[in-house]
Amino acid sequence: MGNKSSSSSSSDGAKGGGGEGEVNDTSDTSSASPSRFSRFRKRLHLHRLHRHKHSDDDYNSGSDDFVGIALIQIIGAEMKFKDRWLACLSIGERTYRTAISDHTEKPTWKSGKKVILERDGPRIARISVFETNRLSRNNLVGYCEIDVLQVLSQDSDDDIKVLDLVDPSSSDTVVGNISLSYSIEDPIEIERGFVRRVLAIADGNEDGQLTFSEFSELVDAFGNQVAAHKKNELFKEADKNGDGVVSMDELAILLASQQEKESLISSCPVCGEILGKSDKLNDIIHLTLCFDEGTGNQVMTGGFLTDKQASYGWMFKMSEWAHVSSYDIGLRSGSSASHILVFERKTKRLVEELIDRKIVLSMRTIYQSKVGLTLIDKGAKDLLQSISEKQGKKMNSVESVKDIPKFLEFFKDQVKMSEVKYPVEHFKTFNEFFIRELKPGARPIAHERNDDIAICAADSRLMAFKSVDDSMRFWIKGRKFSIKGLLGTDVCSDAFSRGSLVIFRLAPQDYHRFHVPVSGVIDQFVDIPGSLYTVNPIAVNSKYCNVFTENKRVVSLISTSSFGKVAFVAIGATMVGSITFSRKKGDYVNKGDEFGYFSFGGSTVICVFEEDAIEIDEDLLANSQRSLETLVSVGMTLGVSKQKRIDVEMPNLEQCVLGA
């Protein structure tokens, strides 16, 4: 990927064709007071020094730390053909979009958005550009990704940076470029500026001072009952000289500090959202960002969860209005989830799982109704078995190779061929491609020398629970699910029944080789026959069947020095009749070693840890409690041993390399 900027020292600040994206520091270096940019950089540099002091085997929970508010502006783009364009900015669990441009090959938006930055919060922003010539769905043409914290902490002489946009189907193909600008704003100045603007509403004579009467009217309009009772007290506190009026600056400082101590404004005067639900600093930030939008400044439209949702055309908007389709985080309701959203751990961003709409409808029919249950009980099991066998034979045929390009096109931006060991031409059947190997080093193993830290076993959508009860409360809705039913009587023990559960769900687009999560000796393999239901969340959330305890599966038991015994369950699914292991009973395995693979389809691995054996990473547990799957890769940290507890550092996801 080519960069438009000449500096090479900061090229890792942006991915997907990203240029350096530094922010311009216009501060006067001779000033005794450091600029807000230099203060921001100092905070980042101190943070990095602290992080680098720890060894590779360090690991702790850490906590979010507010850094500031960044303004990201999308100026315009240069594309290779004419169309009407829109751009989306995605960071964390929020996505924003620009207006649609004129019909041109050089769209101009000049549209910005302020986003909250935390040291351990979302920092990878994705900019996506869509052509809008489709009625129901706009087409993703190119994208880039930037590390916002990194680009803002670098020195630059330019206000605007030009980044390459890469083809979502091929990271080696540049389809255009996009112009962006970044800046950081001092939160204290933002607080004061916001209060000044709000108070100016009551400054009738615009003299920069408020009488008690003016201040009282303001509190009555925007405040709560607590604030109403404190009007005299607050006004006297600000009125230092007792002359009955106070300056705007004095009141701004007073109310900004008071808002952090005790919420005086009960609801946002712009959007009406109730305040006080989180910490007071977040209330101030909300008011600041919302006020900018309320003033009519040129800002991007928000309220979207993914760029795909933000890009849909008018037909999708009609379906939303008619409640035919809906976006939401988590899948507590099972059948009502029309779009599957997962939380990508590397970028800390929501992404949408691609799945054919016809398949979604058929799964709902089978798994989310009593009629479907009747079909399952009266022959659907045999039908699914037959379909899987026929599909398996087809995908092993020479003719199936023609399906590879169609598969890659459907899952563009989700299958990274740059990571695959062999080029597409190497594969002689679709199944050969499906069980593809990755290049050495494509999945680095976290804390490889430390066996007290478990890792993720597959590229997958992960759900993690401290107990089986938690798993049934937040995710698994099937009848009579139990660890004994999952593992079988030959493997299950009381320690497993009270233990922790981790579910790795593999979708068709994922790398389908699974790896060992812990180091130890393989004690046994147990084959358990069963059905081949889909492992899609629609089926997992069904009240009418037990996907995990009724499907065909192989249970292996691994004895470890750090985690006791660990049960590793490879579960077959629709069109996955074949589970192949590359290790045998009695082998010693190191965490990260390849353990086996699934043939065509999607499937699941479940790891069961004994009671009090593992402390699962907090971010994985927190997402799971929201019924939100976390998109993980092989080798990412899963948790730390409770048996040999050590003071170790949180996995440094800053070092994760984004797929090109």
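User: Let's start with D587: buried or exposed?

Analyst: D587 counts as buried, at 16% relative accessibility. Buried means under 20% relative accessible area, exposed over 50%, and partly exposed in between, with a 1.4 Å probe and protein chains only.

User: And what does the D587 side chain meet in a salt bridge?

Analyst: K584, at 3.3 Å, N to O. The rule for a salt bridge is a side-chain nitrogen of Lys or Arg within 4 Å of a carboxyl oxygen of Asp or Glu. K584 is exposed, with a relative accessible area of 55%.

User: Before we go on, what kind of model is this?

Analyst: This is a predicted model, where local features need pLDDT of at least 70 and side-chain atom pairs count only at pLDDT 80 or more, while totals for chains, interfaces and linings use all residues. Residues are numbered from 1 along each chain as its sequence is written, and side-chain values use heavy atoms, with hydrogens and water left out.

User: OK. How many salt bridges does that rule give?

Analyst: The count comes to 24 salt bridges. One of them pairs E611 with R498, with the closest N and O atoms 2.7 Å apart. E611 is in the loop between strand 28 and strand 29 (614-616), and R498 is in the loop between helix 17 (494-497) and strand 20 (500-506), so the pair ties together parts 113 residues apart in sequence. Helices (H or I, at least four residues) and strands (E, at least two) are DSSP runs, numbered from the N terminus.

User: How accessible are E611 and R498?

Analyst: E611 is partly exposed at 35% relative accessible area, and R498 is partly exposed at 46%.

User: What about R583, which residue does it form a salt bridge with?

Analyst: That's D593, with the closest N and O atoms 3.6 Å apart. R583 sits in the loop between strand 25 (579-581) and strand 26, and D593 in the loop between strand 26 and strand 27 (594-598), 10 residues apart. R583 is partly exposed, with a relative accessible area of 29%.

User: Switching topic: what does UniProt say about S603?

Analyst: The unreviewed UniProt entry carries the annotation "modified residue: Pyruvic acid (Ser)" there. UniProt positions are given in the numbering used here, feature names are shortened, and annotations may be inferred rather than shown by experiment. In the model, S603 lies in strand 28 (residues 603-609) and is buried, with a relative accessible area of 0%.

User: How many bridges join strand 23 to strand 24?

Analyst: There are 7, and strand 23 (residues 553-559) runs antiparallel to strand 24 (residues 565-571). V554, for example, has A570 in strand 24 as its bridge partner.

Methods: Two strands pair if DSSP finds at least two bridges between them.
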